[in-house]
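Subject: Structure for your files

Hello,

The sequence and structure are pasted below. My notes on what was found follow them.

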Amino acid sequence: MGFLKNFISSKKDDQPTDGNVEWGLLIFDSVNDVMQAESTLKKVSSEGIRVVAPPPRYRTGCDLAIQFPIIERMGIVRALENSNNAPRDIIHVNEELMQPTEICSVKDFGQYLMVRTANMKITVEKETKKIVNISGGGCSDVPYLAQQMIGKSIAESALPRQIGYTLCAYTLEIAFEEARRRLG
Amino acid sequence: MKTMLLAGTIPDSSLDLVCGTARLQRDTLAIDGRIFPVNRGTAAMIGAVCAAAQFLGNTAPDCVIGGDIGTRAGSREVYRHLIKFLPKTSAEVLCLHYIIPEIGLHNQVLTAVRKMKTKPVLIADAGFMYVAKASGQASFYDLFLPDIGELAFLADEKASHPAYTRGFLTRLEQDPEQLIKKAAEFGNAAKHLCVKGLTDYICREGAVIQKIHDPVVEELEPIGGTGDTVTGIAAALIAYGMEIPAACATACRANRMAGLLARPTPATQINEIIAKISLALDMALRENQASINHATFQGGTTDAN
């Protein structure tokens, strides 16, 4: 179909680790705790805070951790304790850890816009800005997120990171933000 | 005709584990006295299995369903049930679906499968496919059904979840055949892959054996559940006795036809497409037959596309 257009955008990709900084890693019990902690820490200091895959010994299959400059450990732990979300473990890391993708591809269906990040897609009606479909993913909160978000406008809908629990929710959040950025 | 067991989750945190035979009643599924809407995810997959099984005259599938909104509770109940009961069951087709990946529990499920009298045809999609790959045991499975983003994940030997797929592989999505080769090379593919996309790729041991292009219904891509219905139809056809590649090719074509019959927009919901599966499957099977008749008449082999 001629009117369909594809775009690919990326905010970051394979960002290198700064060799001069010593890094620590915050390990939490769930991806949801990581998403909440990331929001807390970005309010306090966004410098050097990155969500990453934990090292293999901490992996179960759907995991996320937070990398931070170890020099900021005290302030970071205090901020998390104050928000009742202290990490389960804090470790030193000197290996490069994988980061979740932020690559978005956009497909224009005329009346609708679909944004995809990795395995997650969100489709919004351009005129009403209503979320009309969410597809892809494999973790068990995806059908729940669809149930909660479809039919809501992108301005009013809860954020996937607020109501989701998994890496699929984290990925959907990136696609959701891109849809918001484009359709406002 | 083979017996089926389908396992996955439904987004209801108050739901205890449900086990029983599923029946499709218009837009809902009835399992063990409980009624579930057929919207997306595992419910859509089971809905498609039921619709196809009804048309084919198969027995209705048995199901294990956990209630899970992402907290892991329902997923863990499903894992534990499978670990405990699989060695005692005689399911011949086992289809594993939306679930939170947990490598340790997954590995125990595979141990339970190994204790079954006869190894079932093992199908994984969604979260179960992610954990199968992340565990390094993908080759134990008979069939994975990734979409193009999930295929890039299978091709990435380092990623433990599609969210971590590296950029250079995401950019290779324009060339699925390279991704298919990489997934097989790294041992991250099941014996068969059914890659769902604008073109569907049916693969065995890393080689593409068939491509499905028609009918083109671009509006299916944004509709939640259209991948789940391919998985459901393919599983029902495998239970009916079809070889895996033929079942996948027929399922892909039937799913496209069901989409076409539903006259979808990107806002269409999956229950409208599930309602067209029996008619679409009838059309796809007639095409298969016509193709075989044509090949017999020509004295040659058949390209089922």
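I start with strand β8 (residues 120-125) of chain A, where 6 of the 6 residues are buried. Buried means that 20 or more other C-beta atoms lie within 10 Å of the residue's own; exposed means 12 or fewer, partly exposed is in between, and C-beta atoms are placed from the backbone. Helices (H or I, at least four residues) and strands (E, at least two) are DSSP runs, numbered from the N terminus.

This is a predicted model, in which local features need pLDDT of at least 70 and side-chain atom pairs count only at pLDDT 80 or more, while totals for chains, interfaces and linings use all residues. Residues are numbered from 1 along each chain as its sequence is written, and chains are lettered from A and ligands numbered from 1 in the order in which they are written.

Chain A

M120(A), I122(A) and V124(A) point one way from β8(A), K121(A), T123(A) and E125(A) point the other way, and all are buried. On one side, β8(A) runs antiparallel to strand β7 (residues 112-117) of chain A, joined by 6 bridges; two strands count as paired if DSSP finds at least two bridges between them. Within this pair, M114(A) has T123(A) as its bridge partner. The hairpin of β7(A) and β8(A) has 2 residues between the strands, and A118(A) takes a positive phi near 50 degrees there.

β8(A) also pairs with strand β9 (residues 131-136) of chain A, antiparallel over 5 bridges, with I131(A) as the bridge partner of V124(A). This second hairpin has 5 residues between its strands, and K129(A) in the turn has a positive phi of about 65 degrees.

Chain A as a whole has 5 helices and 9 strands, in the order β-β-α-β-β-α-β-β-β-β-β-α-α-α from the N terminus on. Of its 184 residues, 47% count as buried.

Contact between the chains

The contact takes 44 residues from chain A and 47 residues from chain B, where two residues are in contact if their C-beta atoms, placed from the backbone, lie within 7 Å. On the chain A side, β7, β8, β9, α3 (142-149) and α5 (167-183) each supply at least two residues.

Chain B

An open sheet of 11 strands in chain B has mixed pairing and the order β4-β3-β2-β5-β1-β6-β7-β8-β9-β10-β11. β4 (34-37) and β11 (207-212) of chain B are at the edges with a single partner strand each, so one side of each has no neighbour in the sheet. Strand β2 (residues 18-25) of chain B pairs with strand β3 (residues 28-31) of chain B in the antiparallel sense over 4 bridges, and L24(B) stands opposite L29(B) in β3(B).

The core

The largest nonpolar core has 160 residues, of which V49(B), I233(B) and A234(B) touch the most other members. Such a core is a set of buried Ala, Val, Leu, Ile, Met, Phe, Trp, Tyr and Cys residues joined through C-beta atoms within 7 Å. Helix α1 (residues 41-56) of chain B gives the largest share of this core, 10 residues. Beyond its neighbours within four places in sequence, V49(B) is in contact with M4(B), L6(B), P61(B), G232(B), A235(B) and A236(B).

Regards
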